[in-house]
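User: Hey, I'm new to this one. Can you walk me through it?

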Amino acid sequence: MQEEEYVDYLILGGIRHGEVWNGLKEDVILQLPAKSQRMAKFYGRDTEAEITLPLNDAYFITKHKTKDGKYFMVASTEPLSAFNVDEEIKKQIHHLALLIEINRLRAVFITHKAW
């Protein structure tokens with residue numbers, strides 16, 4: 001039995017630009033829930049309810065190779081030529097490094113506070 005593979009996708013373009021999503025490895029299109037969904041409707045007992053499907057945004061997936069030879073999964077609504085992909089990846093790596101350091105410091109603080 002083949003295990004499911006999860007990867008992180010850097011989103012470029014659209015309303016989710018700069019977000020990182022984790023999901024099953026896809027080859028062509030990544031489907032994410034739309035940020036704005038329609039409000040629910042209320043119906044009376046005698047009225048037939050309308051059936052609607054949740055909205056999804058579609059992103060095209062590219063396996064991007066940086067100048068230093070590392071690969072990153074990028075999901076985009078526009079051609080990648082519209083972005084400096086290496087710079088966008090650097091921004092995310094810097095941001096993630098800061099979050100890791102903040103969480104490490106938080107764990108140290110909690111440990112010392114417990115003493």
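User: Which residues form a nonpolar patch on the surface?
Analyst: Val28, Ile29 and Phe60 do, with about 280 Å² of accessible area together. Areas come from the Shrake-Rupley method with a 1.4 Å probe, and for residues only the protein chains shown count as cover. Patch members have over 30% relative accessible area and no salt bridge; nonpolar side chains (Val, Leu, Ile, Met, Phe, Trp, Tyr) are joined within 5 Å, like charges within 9 Å. A salt bridge is a side-chain nitrogen of Lys or Arg within 4 Å of a carboxyl oxygen of Asp or Glu.

User: What kind of model is this?
Analyst: A predicted model, where local features need pLDDT of at least 70, side-chain atom pairs count only at pLDDT 80 or more, and totals for chains, interfaces and linings use all residues. Residues are numbered from 1 along each chain as its sequence is written, and side-chain values use heavy atoms, leaving out hydrogens and water.

User: Where is valine 28?
Analyst: In the loop between β2 (20-24) and β3 (29-33). Strands are DSSP runs (E, at least two residues), numbered from the N terminus.

User: Why does valine 28 count as exposed?
Analyst: Because its relative accessibility is 53%. Exposed means over 50% relative accessible area, buried under 20%, partly exposed in between (1.4 Å probe, protein chains only).

User: And aspartate 27, where's that?
Analyst: Also in the loop between β2 and β3. Aspartate 27 is exposed, because its relative accessible area is 66%.

User: Switching to the inside: which residues make up the largest nonpolar core?
Analyst: Eight of them: Val7, Tyr9, Ile11, Leu30, Tyr59, Ile61, Met73 and Ala75. A core here is a set of buried Ala, Val, Leu, Ile, Met, Phe, Trp, Tyr and Cys residues joined through side-chain atoms within 4.5 Å. β1 (6-12), β4 (56-65) and β5 (71-76) each supply at least two of its residues, and the largest share, three, comes from β1.

User: What does leucine 30 touch?
Analyst: Leaving out residues up to four places away in sequence, leucine 30 touches Tyr9, Ile11, Asp57, Ala58, Tyr59, Ile61 and Ala75. Contact means heavy atoms within 4.5 Å. There's also a second, separate core of seven residues, including Leu10 and Val85.

User: How does β1 pair with β2 and β5?
Analyst: With β2 the sense is antiparallel, over five bridges; with β5 it's parallel, over four bridges. Pairing needs at least two DSSP bridges. Leucine 10 has valine 20 as its bridge partner in β2, while tyrosine 9 stands opposite methionine 73 in β5.
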